[in-house]
Amino acid sequence: MIPAEFDYVAPSTVEEAVRALRDAGEDAKVLAGGQSLLPVLRMRLAAPSTVVDLGKVSEMRGVREEDGNLVIGAMTTHHEVVRDGLVNEHASLLALATRTVADPQVRHRGTLGGSLAHADPAGDLLAPVLALEGEMVLAGPQGRRTVPADEFFVDHFTTAVGPEELLVEVRVPKHTGWSAHYEKFNRVAQAWSVVGVAATVLVEDGRIARARVGLTNMGSTPVRAHGVERALLGASPTGEAVRRAAERAHEGTSPGSDASADADYRQHLAEVLTGRALATAAGV
Amino acid sequence: MTATPVSPSEPEIGRARRRKEDARLVTGRTRWTDNMSLPGMVHLAVLRSPVAHARISAIDTTEARRMPGVHEVVTGADLAERQGSMPCAWPVTPDMKTPYAPALAVEEVHFAGEAVAMVAARSAAEARDALDAIDVDYEDREVVLDVEAAARDDSPLVHEELGTNRSATWTFDSAEAGTGGDVERALRDAEVRLDRTFRQQRLIPAFMEPRSVLVDPTGEQYTVWSSTQVPHILRTMIAMTLGVGEHKVRVIAPDVGGGFGGKLQVTPEEMLTFLMAERLGRPVKWTESRSETMVSAHHGRDQVQRLSLAARADGTVTGLKVDLLADMGAYLRLVTPGIPILGALMFNAIYKFDSYRFTCTNVFTTKTPTDAYRGAGRPEATFAIERMMDELAAELDMDPLEVRRRNWINHDEFPFDTVAGLTYDSGDYEAATDRAVEMFGYQQLRDEQLRRRQRGDTVQLGIGVSTFTEMCGLAPSRVLGSLSYGAGGWEHSQVRVLPTGKVEVVTGTSPHGQGHVTAWSQLVADRLGVPFEDVEVLHGDTQSSPRGLDTYGSRSLAVGGVAAVRASDRVIDKARSIAAHLLECSEQDLDFSAGRFSVRGTDRGMALTEVALAAFTAHDLPEGVEPNLDAEVSHDPENFSFPHGTHLCAAEVDTETGRVRIRSYVCVDDVGTVVNPLVVEGQVHGGLAQGIAQALYEEAVHDEDGTLTTATLADYLVPSAVDLPEFHTDRTETDATSNPLGVKGVGEAGTIASTPAVVNAVVDAIRHYGVTDVRMPCSPQRVWRALSGARASSATAAESGGGLGSVDPDQPFPTGGDR
């Protein structure tokens, strides 16, 4: 498995990285954790002229609080996200979903930003970031701009990141006190999700005050289950309420068919798994 | 199980010795073929067809030749006169149709992945880069993918010149053979008749070390290193295929990282590396990528099995008719056509029904060739009969264990001549089953199953039974001859006692993960009474172990291990004559024990070490005795060995998602005398993993163009330890009577037994919804669809066990389970 020849650049700041991308032109590829890009290069499914490796850009790593948001550097590894105290306290959904990614080796190499920018609809971190109403901060030659998650994911493997732009950080509003669950359904432990459901709820005074549900692999982009969320508002967290709400999980989805699952089975799974995710999140 | 400290007086056989091989392997001091590097060596890369069936109208290599580092670019046309045709050693019938099988396609490609050109370059990267510069024009021809359609007369042809896609039809009929009755009569007279069709999906052996070949043409002999299970066969086949003198070829199988039958092959790439080395006069190495393994190394299984079973209302089976279609893929490789035929001897399993007929039609398709994969014919047979026994139990509303008890050979009926013409030497199916039932908690699980059904739980519980036997220790040469196999089944060993008393054991078996070095050391240490550490086992090099038939079919211990023991006995005989001479007594007065000859009734004697030194100095040897303490044996076994066992699986099925979870797995195997319990346990665990993988996870899938869509390990689902249950294993020991050690094979038992146990459990969990089958692998979606179909048609579905009626043979999956 030998990749085609490419030039390699390893900048140490965001500014240098953006410049390197611009210099390299359209055929450049950004290397984050490499857990998707390297296999693709080795199988020669991609042959970029230049690979811009962000591994030395230390300012892109780590988690901090800023203006009531969590700010997670795009190069923060899955392992770091899983272990991070701030993420576990204020965005537990993201920590729980990240725990289910592949295996320990991959979680030590792969990064949050890399997963989001790769935008594989079967990736487990897109739906949680969408459900948590995260925002992506992109850096380009004209400076920085912020794109909300529901505009960031455009299609299979396609995002709002422009050819000369980098995803540098992810801003997630604090969901302090929300309970959460990520229900992942896959064939073997290391496989991608057939369907995944990211659910987080805020229960106040015995009622579901707020609910956010995102679906993995139920279309070309992650899908927000607005119908489910609305059905839960104000409901008592009971099995019946959860089940009724979960019946709306297929709304707005357009899943594909592949070797593991046809579209109709995915829609069925989405309902079953949404019910289970909510039941666990709401402590039913 | 853990290795236990041992005292020197205990026999080696039966000790849980840690493997001698492992310290080196786990610390990376390994000698894989790809680790080798020779002066002047160049790297070979192979261009493969992306299409399944096409004429090659043009190949342009001009640009590739100009690429940096490139030494040579070769196409099939360049080799047409030199390369011969890849060998098939098993012409199963006299009229078998065998297509021309060039190592490098000349005019036409017949599967996606077939080699069409090769590049030798200074580095592996430059060779790989140059492949992209070769331009091939393909003129598409019709693909032939479905084995049932391919077998019909109106199918497009894979090989035009053969005039048919049917390679051969092989039949066994117990009435004609005189081993039993007429199956048609049994079916006519049956009180219960069951007709079922099962699909053995195509699997990929998925050995850990990809294949690699290095050929050095610069010495007096060509030296070939290959990641192969069969160095001896490879040497002979290189000579026969390429017309090179056999004495001019030395083959070495260094450390080999797994095979599972996938390296029981003589590959096009071995021939191509040889031919490139011959052409360039310098060492050439080829190492494949995993992507190449998936499409070009042979696949396994892939059969359609139609079965009709006749029984009486009390559960006694009276006859079985088997009609197979076996997918050969595009070519007949080394033993491709014989693999399904090996199953012919095993469909009757442990049962003593009277009438049996087996027909197998071998069919070409435009897919990767199939060949041996762990079990090779016996897993397919065992799956079919064990599924049928559970179906019969359901039909009669009997316990599946009771149906088996009613039909199996009792322990006091051995030796037993089977309806398939074999003689089972020994077995105790009652003992293994009783032990398994006890460990499993059979009745408690049945009770829980009933409670869950009554409550209508989301998660239902099923119990699957598999009481299996298999034939291994390939094999008595005369039996292989009767099956038209192209070689014998003997094995060779030489035992040499060195002047210092250390021992070298040369074996013709070729371990690639089995632990022969450890086990053979134990066998010979016991026999000669020398320390385990003093025995060295030499293997896998046709120069140091010149004779042998290699490792496959769970043959190594029962044939090769026995050869080493018999050679040890000859060494003792020779040493006895020398010792008697030196001690001035008669041979009859000498006792040999713990490595020492002693003169009976005296305190005089001498150690084997002393005899060895005396043989070496040769100062005073008896008349006619040659100055060495070596002996060799070519051992041809008198019969197969027949391990057996009872496997019980409890599976939970989530009826909302279709997901299957194995709750509990118990197996009690009878592999006869155990030389090393640790090694046996390892073989059983690995075997179970692969058998369960067939039941639940693995499948090679092609799209409508014939492209393999499960061509990476991200798509081809090999389970890891996390995906598998804890295995609860135990053994009974009923010695084989066909060899002096009482041993049987163990390498394939777990794979053969476990697949039907799991599928039976899945079906049992949801049979009350009307499901009678789920096609393998029992993926969540397939299980869910089977349930959905069954629920949708529940108004018309017959209750299971509701009568003695037959299932409509035209609708083998009335509940929509086939998906």
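The structure is a predicted model, in which local features need pLDDT of at least 70, side-chain atom pairs count only at pLDDT 80 or more, and totals for chains, interfaces and linings use all residues. Residues are numbered from 1 along each chain as its sequence is written, while chains are lettered from A and ligands numbered from 1 in the order in which they are written.

Chain B contains 22 helices and 28 strands. Helices (H or I, at least four residues) and strands (E, at least two) are DSSP runs, numbered from the N terminus. The radius of gyration of chain B, taken over C-alpha atoms, is 28 Å, close to the 28 Å given by the globule rule for 819 residues, so chain B is as compact as a globular protein of that length. The globule rule is 2.2 Å times the number of residues to the power 0.38. The C-alpha trace of chain B spans about 95 × 80 × 50 Å along its principal axes. Of the 819 residues in chain B, 57% are buried. A residue is called buried if 20 or more other C-beta atoms lie within 10 Å of its own, exposed if 12 or fewer do, and partly exposed in between, with C-beta atoms placed from the backbone. Among contacts in chain B with a separation of 6 or more, 80% are between residues 24 or more positions apart. Two residues are in contact if their C-beta atoms, placed from the backbone, lie within 7 Å.

In chain B, seven strands make up an open sheet of mixed pairing, in the order β3-β5-β1-β12-β9-β10-β11. From one strand to the next, the twist averages 20°. Strands pair if DSSP finds at least two bridges between them. Strands β1 (residues 42–48) and β5 (residues 115–121) of chain B are antiparallel and pair over six bridges. Within this pair, Leu47(B) stands opposite Ala117(B) in β5(B). Helix α8 (residues 231–242) of chain B packs on the sheet and touches β10 (222–226) and β11 of chain B. The direction of α8(B) makes about 150° with that of β11(B). For such angles, axes are lines fitted to C-alpha atoms, for helices over the stretch in contact, and the values run from 0 to 180 degrees between N-to-C directions.

Elsewhere in chain B, Val530(B) lies in the loop between α17 (516–528) and β21 (535–538). Val530(B) is buried, with 24 other C-beta atoms within 10 Å. Not counting residues up to four places away in sequence, the residues touched by Val530(B) include Gly501(B), Val503(B) and Leu608(B).

Chain A is divided by its domain assignment into domain 1 (7–53), domain 2 (58–172) and domain 3 (179–281); such bounds come from an automatic or database assignment. The C-alpha centres of domain 2 and domain 3 of chain A are 20 Å apart. Between these domains, 21 residues of domain 2 are in contact with 21 residues of domain 3. On the domain 2 side, α8(A) gives the most, with five residues. By class, this side has 14 nonpolar, three polar and four charged residues. Ala, Val, Leu, Ile, Met, Phe, Trp, Tyr, Cys and Pro count as nonpolar, Asp, Glu, Lys and Arg as charged, and the others, Gly among them, as polar.

Chain A also has an open sheet of five strands with antiparallel pairing, in the order β4-β5-β10-β6-β7. Strands β4 (63–66) and β7 (143–148) of chain A are its edges, each pairing on one side only. Six bridges join β6 (residues 135–140) of chain A to β7(A), and Val137(A) has Thr146(A) as its bridge partner in β7(A). Helix α1 (residues 14–24) of chain A packs on this sheet, touching β6 and β10 (166–173) of chain A.

Leu215(A) belongs to strand β13 (residues 207–216) of chain A. Leu215(A) counts as buried because 33 C-beta neighbours lie inside 10 Å. Leu215(A) and Ala270(A) are 55 residues apart in sequence, with 7.6 Å between their C-alpha atoms.

Where the chains meet, 17 residues of chain A are in contact with 22 residues of chain B. Helix α12 (residues 263–281) of chain A gives the largest share of the chain A side, three residues. That side divides into 13 nonpolar, two polar and two charged residues.
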